[in-house]
Amino acid sequence: MFLHCTNAKSWLSNRVLNCFRFYTTTTPCSQLSAQLLNHLKHNRLQQAHVMIRYAKNFRKAHTLERSLDVLTEMRLKGVEPSSQSYMQLIMGLALRVTPLNKEEEKWMQRWFDEFLRIESGNTYPKKTFNKFKKLMRCVYYKGHPNLKHMFYAVLNTFPTKLEDVETWNLVIAGCIQSQRIRDAEQVLERARMEQVANSTSFRMVIQAYLVKGDQSSANRVLKHMLQDHIVADKATYEIFIQYCLTRKQKKTSIEMLKQLWQGVLMTTDRGDVIHPEITVLLTNYYKRRGALEEAEQMYLDMKYKQLTITKEHLQALNEIIIQFVNKQQYISAVSLIFDLVGQGYTLNQETITHITQSLEANNQFETIEQLTSVIPLLKPHDLTKEEE
């Protein structure tokens, strides 16, 4: 990234800019000119641009080594790097495509320590917080093994409370990315003490524990969330349901799933979209456990919330109807059929044939007449909603 001097007020003259270009495009043995050093000494913004030139090219061979040479030479010749310079170097490492190796992690830590040392003299902590937030937006998806302590160092340097929840969540996400879930929970605990944690803060830690198969720790975090009177978002409840049903947890009960489903409903507005896999998983679980009424109630809950039934969920409801028929619970089966048809959905031929044959075998001819009045039995059926 080169600066373009287009007017007399530009910070770098063309000669200095050319010197800078010469250094960054020639061999590592080149030295910074005295004129460029003088400009860097008195213009901190230009130091940042020098670092940007290297940071943007960290993916290239020897660029990291050359940036270290620049820092060393600047210091030897009396030019103190600014915090902005260290920021550019840190972000340059964070934006690399490849994961950081041990040496790069150490350099990031050293650069951060220097950044904080310089910023510690800032009489406006909020400016430092904003700079740190900018850093975290680059660092969090790469992570760093010492990210928690780096964050704590910032908090302990300034007495001002950091109220920006996005910054806290970026640090939590960075700890999780570094596989330091325990660190992420400790940051969350501190956020709770500062009363800045939100539902996203808790959800990230809960999800991280569930991905690792640690349901007890996830339950602990959820308990703390409820203690703080923070309403879990829909995604949190969906994560728990998905975990319980895909991991085949022995402790999973119908009552627990009902409570989690109620959590989904409470955090879902009319017309919102519930993760389609959740409704299918729950319906199939209730079918396996013989809790057909629970599967039907779940459909009625979605109807009340005006939520769309997917093809996969409709197929699962077809199987629920067949199970009702097999148990000769004809009233429940017919009621669910009428409700689906009334909502504009159609059943597949297998379901209709199965219930018709069962009704005939049990002399339920009056019920068959009711069905034929609303269902064209001889017409091919699909699993999509009828077009108006």
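Author: L371 sits in helix α20, residues 365-372; helices here are DSSP runs of H or I of at least four residues, and strands are E runs of at least two, numbered from the N terminus. The model is a predicted one, in which local features need pLDDT of at least 70, side-chain atom pairs count only at pLDDT 80 or more, and totals for chains, interfaces and linings use all residues. Residues are numbered from 1 along each chain as its sequence is written, and side-chain values use heavy atoms, with hydrogens and water left out.

Reader: Is L371 buried or exposed?

Author: Buried means under 20% relative accessible area, exposed over 50%, and partly exposed in between, with a 1.4 Å probe and protein chains only. L371 has a relative accessible area of 4% and is therefore buried.

Reader: With which residues is L371 in contact, leaving aside its neighbours within four places in sequence?

Author: Contact means heavy atoms within 4.5 Å. On that basis L371 is in contact with V334, I337, F338, I355 and L359. The C-alpha atoms of L371 and I355 are separated by 9.7 Å, the two residues being 16 apart along the chain.

Reader: Which residues touch the most other members of the largest nonpolar core?

Author: In soluble globular proteins, nonpolar side chains tend to be buried together. A nonpolar core is a set of buried Ala, Val, Leu, Ile, Met, Phe, Trp, Tyr and Cys residues joined through side-chain atoms within 4.5 Å. The largest one here has 100 residues, and F112, F151, L282 and L340 touch the most other members. At least three residues of this core come from each of domain 1 (40-151) and domain 2 (267-381), the bounds being taken from an automatic or database domain assignment. For L282, the contacts beyond four places in sequence are I241, L245, L257, W261 and M298.

Reader: What is the phi of Q306, and where is Q306 placed?

Author: Most residues other than glycine have a negative phi. Q306 has a positive phi, near 60°, and lies in the loop between α16 (292-304) and α17 (311-326). With a relative accessible area of 54%, Q306 is exposed. Q328 also has a positive phi near 60°; its place is the loop between α17 and α18 (330-342).

Reader: How many salt bridges does the structure hold?

Author: Side chains of opposite charge can pair when their charged atoms come close. The criterion for a salt bridge is a side-chain nitrogen of Lys or Arg within 4 Å of a carboxyl oxygen of Asp or Glu. The structure holds 16 of them. In one, the closest N and O atoms of E114 and R117 are 2.7 Å apart. These two residues are 3 apart in helix α6 (residues 102-119), and so are separated by about one helical turn.

Reader: Which parts does the salt bridge of R192 and D228 tie together?

Author: The side chains of R192 and D228 meet at 2.6 Å, N to O. R192 lies in helix α10 and D228 in the loop between α12 (215-227) and α13 (234-246), so the pair ties together parts that are 36 residues apart in sequence. R192 counts as buried at 19% relative accessibility, whereas D228, at 29%, counts as partly exposed.

Reader: How many helices and strands does the protein have?

Author: The secondary structure comes to 20 helices and 0 strands. Buried residues make up 50% of the 388 residues.
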